[in-house]
Amino acid sequence: MKKLYEKSELAFAIVCIVIYSILQSVANPLNKIIGIEVIANAILTFLITIILLCFIIKNKLTVKYGLCKTTATAWRFLYFIPLAALCTFNFWNGVAINFSAVNTISYMLYMLFVGIVEEIIFRGFLFKAIAKCNVTLAIIISSITFGLGHLLNLINGSGIELVENIFQVFGAIAMGFLFVVIFYRGGSLIPCIIAHSLTNMVSAFANETGLTVEKRIIFSVIKLVIIIAYIIILTKILPKKQTENEKSKECL
């Protein structure tokens with residue numbers, strides 16, 4: 001891993017994304033064999049989390065990839081209240097018990113590790129690698145790539161429907177954009193990890209009954225308005241520079 005990383009951070013990020021996607025696809029049929037909801041995904045994602053954290057800590061990259069406190073005070077983030085509001089998105093249509101106790105625990109653990117891994121890979125590795133050349137391009141690519149990555153749910157045996165997946169993709173792109181702004185301007189990935197993991201985890205209790213396309217559109221528009229407003233505010237009150245490579249002319 002270290003040799004590839006030292007040779008090309010962008011190649012390293014892409015390899016991590018590909019491996020992660022493949023392992024998630026492989027895990028889905030294993031869940032059916034084991035008989036517990038996403039248990040194979042949870043185990044594999046946990047192992048990936050440990051590997052990535054060990055790599056970052058061992059190579060003293062915690063500050064570079066935001067596994068540290070933010071350099072900005074909480075009030076500059078509006079005490080993360082808009083972010084907390086976005087985390088409730090899965091409850092806007094009500095709450096429901098969708099799985100058995102064992103399956104719920106397995107699902108929530110899986111979602112916890114997904115939040116950690118995806119933030120490190122997309123907001124950390126991918127964004128920072130591209131930002132060495134062009135910050136704006138890095139923000140766009142990392143956000144869109146993160147969102148489009150959810151299209152894999154249509155073909156990897158997860159059972160998700162097309163309409164739900166489309167909303168998932170666009171929602172992920174919007175949230176990805178917000179997360180990368182928080183990381184880039186605030187210097188810490190931890191708020192993004194917490195929000196990402198929490199949003200994923202509470203989806204175990206999302207109520208899909210009566211959730212029509214019209215309702216999905218309304219909820220998505222409300223979510224988008226909050227995201228846009230929050231991004232505008234953050235770009236106005238947060239420090240302009242939090243990454244050491246912002247002005248670097250080094251391109252991969």
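This is a predicted model: local features need pLDDT of at least 70, side-chain atom pairs count only at pLDDT 80 or more; totals for chains, interfaces and linings use all residues.

**Notebook: a loop, a helix pair, a histidine**

I started with Thr88, which is partly exposed at a relative accessible area of 33% (buried means under 20%, exposed over 50%, partly exposed in between, with a 1.4 Å probe and protein chains only). Residues are numbered from 1 along each chain as its sequence is written, and side-chain values use heavy atoms, with hydrogens and water left out.

Thr88 is found in the loop between helix H4 (81-87) and helix H5 (101-131); helices here are DSSP runs of H or I with at least four residues, numbered from the N terminus. I found a polar atom of the Thr88 side chain 2.5 Å from the backbone oxygen of Ala85.

Next I went to Asn93, in the loop between H4 and H5. Asn93 is buried, with a relative accessible area of 13%. Its side chain reaches the backbone oxygen of Asn207 at 2.8 Å. A polar contact of 3.2 Å also joins the side chains of Asn93 and Lys215 (a pair of N or O atoms within 3.5 Å, one able to donate a hydrogen and the other to accept it). Among the residues that Asn93 touches, not counting those up to four places away in sequence, I noted Gly210, Leu211 and Phe219; contact means heavy atoms within 4.5 Å.

Then I asked myself: at what angle do the axes of H3 and H5 cross? The axes of H3 (residues 39-58) and H5 cross at roughly 40° and come within 8 Å. H3 and H5 are therefore oblique to each other (under 35 degrees is roughly parallel, over 145 roughly antiparallel, 65 to 115 roughly perpendicular, the rest oblique). The contact includes Phe46, Leu52 and Phe55 of H3 and Tyr110, Phe113 and Ile120 of H5.

My last stop was His196, in helix H8 (residues 190-202). Is His196 buried or exposed? His196 is buried, with a relative accessible area of 5%. The side chains of His196 and Glu119 are joined by a polar contact of 2.6 Å. Setting aside residues up to four places away in sequence, I saw that His196 touches residues including Val114, Arg123, Phe146 and Phe179.

Conventions:
Helices (H or I, at least four residues) and strands (E, at least two) are DSSP runs, numbered from the N terminus. Axes are lines fitted to C-alpha atoms, for helices over the stretch in contact, and angles run from 0 to 180 degrees between N-to-C directions.
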